[in-house]
Amino acid sequence: MTQELAALSIGELAPKLRDKQISPVELTESVLANVDTYDHDINAFIRIDKEKAIKSAKEAEQEIQSGNYRGFLHGIPMALKDILYFKDEPATMGSKIHEGFIADFDATVVSKLKLSGVTFHGKLNMHEYAWGATTTNPHYGACRNPWDLNRIPGGSSGGSAAAVAADMSIASLGTDTGGSIRIPASSCGIIGLKPTHGRISKYGCFPLSWSLDHIGPMTKTVFDAALLLEVLGGYDPKDPTSVDRPTQNYSGQLNEDVKGLVIGIEEGYFFKNVDNRVDEAVQKALKQLEKLGARIEVVQIPSLAQAEFAELVTITTEASAIHHDNLVKQPEKFGDDVRLLLEMGELMSGVDYVQAQQIRRKLNLEFAATFEKVDVLISPTLPFLPPALGESTVDINGQTLSFLDEVIRFTGPGNLTGLPSLSIPCGVRDGMPIGLQIMGPAFQEEKVLNVAFAIEKLELMNGQKPDLYRHR
Amino acid sequence: MAQGIHSILKERGIQVSEVHQEILAQQMKALQKLRETVDNSQLKDFDMALTHMPGGERL
């Protein structure tokens, strides 16, 4: 029983913890046992805090025993991406430069999870400063995909996705500036939700690109993602981009009924140059939704043709502004790939940056007009299956293309517009999971979650998990 | 182009290797292709909508 606990979701574990059928200590030990067994190969963790986790689990146990159950997250073990601040604890951002940095306050999301009674057991690997999508970290070692250790887990939140997929964390959080929650979620076969920009406070998260950065849940189930959004969402005056819009009981309103739902498909952008295996899996999911009563409508969003320019200019410029001093004073401490991207950002012009922001507004208006006609947009999350470690190119139906150019092609528009976007696994091809992306109108995460819930109920994964799990 | 890149970055106090100069030159050519996707006639008087809240952090 103990060995199986770590494989369960928050939704499955919480009632057992509440009813004292299992203890937080037993659960934390189960998760730590998996870390001991698998992390040597996967390298999802930058730091493991066993003693602290057990101490915290014992406190949770005492509270629950004495009738002070705090809710669904009480006693749930989680490890978070090492870019979120915990008071008086190191936060490396996956970098050499911040190796000795100690945060002097909690990130807002960390405060909220602490209040909810989460038990923390470590900090997770990531692409250096979140500036990349492989999690091949030069300072803390490459993180590997639990489905195939020779492949990348995606990034930048690769450690978060790998830890959840290999049952080394019940759930986690990631950050997403061009797709860094959804890309690893797709690559590792889990749920990744990037909420609307401003929905979850970024206070206490080291920035990559202020206007594109988001924090969001990475989970085993849609219910867990909804639950975490409920806890983490809400206005925070400490974050100047936080928006004061009411949150909802996202987990309580989950509904798999898609009868009458209108699904928009932007074929010219989101279905162009897609690996046939990925396309086939997404089309299969769409057909199943149609059978359940959803209607597919083809839409056009012309400014998507300029999205790659806007994303590239915005992210490189803002990131290079953040890291400018270190690029001048200690460039040798950056990994080679990150240093190159930071040099590139220094070459963008002011006109480039302003035009990129003009394009973002145009895109936002076009997406808003589209969501007057359709409820959600569906696309693949990635146009390819996760490549092998060290590959700088990907093969899409016989064409060799740049990984960097292709990896954020479908996720970037969600950052440019700030619209809620979720990746959900929709099948396994050649042993690797495939992610389907759902985008929805601003601040209507409930629509995105409900469609995801309906897709989850289709059981397109047939219960498949990484071999690593099945062979233990 | 690589030499121009070297000069721009040097003026900003950034040391860039020859290998990176060559890669950056290729990337700037790729950026130029992306720039060509931008229809400036549609954008020139379009408000970029970048706002800063009067009153600062609202704390």
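Reply: What follows is a set of questions and answers about this model. It is a predicted model, in which local features need pLDDT of at least 70 and side-chain atom pairs count only at pLDDT 80 or more, while totals for chains, interfaces and linings use all residues. Residues are numbered from 1 along each chain as its sequence is written, and chains are lettered from A and ligands numbered from 1 in the order in which they are written.

Me: Which helix of chain B supplies the largest share of the side that touches chain A?

Reply: Two residues are in contact if their C-beta atoms, placed from the backbone, lie within 7 Å. On that basis 28 residues of chain B are in contact with 22 residues of chain A. Helix 1 (2-11) and helix 2 (18-35) of chain B each supply at least two residues of this side; helices (H or I, at least four residues) and strands (E, at least two) are DSSP runs, numbered from the N terminus. The largest share, eight residues, comes from helix 2 of chain B.

Me: How are helix 1 and helix 2 of chain B oriented to each other?

Reply: Axes are lines fitted to C-alpha atoms, for helices over the stretch in contact, and angles run from 0 to 180 degrees between N-to-C directions. The two helices of chain B pack at an angle of about 105°, with their axes 8 Å apart. Angles under 35 degrees count as roughly parallel, over 145 as roughly antiparallel, 65 to 115 as roughly perpendicular and the rest as oblique. Helix 1 and helix 2 of chain B are therefore roughly perpendicular.

Me: How many residues of strand 8 of chain A are buried?

Reply: A residue is buried if 20 or more other C-beta atoms lie within 10 Å of its own, exposed if 12 or fewer, and partly exposed in between, with C-beta atoms placed from the backbone. Strand 8 (residues 214-219) of chain A is largely enclosed by the rest of the structure. The number of buried residues in strand 8 of chain A is six of the six.

Me: Is A:Gly198 buried or exposed?

Reply: A:Gly198 is in the loop between strand 7 and strand 8 of chain A. Leaving out residues up to four places away in sequence, A:Gly198 touches A:Thr241, A:Ser242 and A:Val243. Because 21 C-beta neighbours lie inside 10 Å, A:Gly198 counts as buried.

Me: Which residues have the most contacts inside the largest nonpolar core?

Reply: A nonpolar core is a set of buried Ala, Val, Leu, Ile, Met, Phe, Trp, Tyr and Cys residues joined through C-beta atoms within 7 Å. The largest has 149 residues, and helix 8 (residues 222-232) of chain A gives the most to this core, with nine residues. The residues with the most contacts inside the core are A:Ile438 and A:Ala452.
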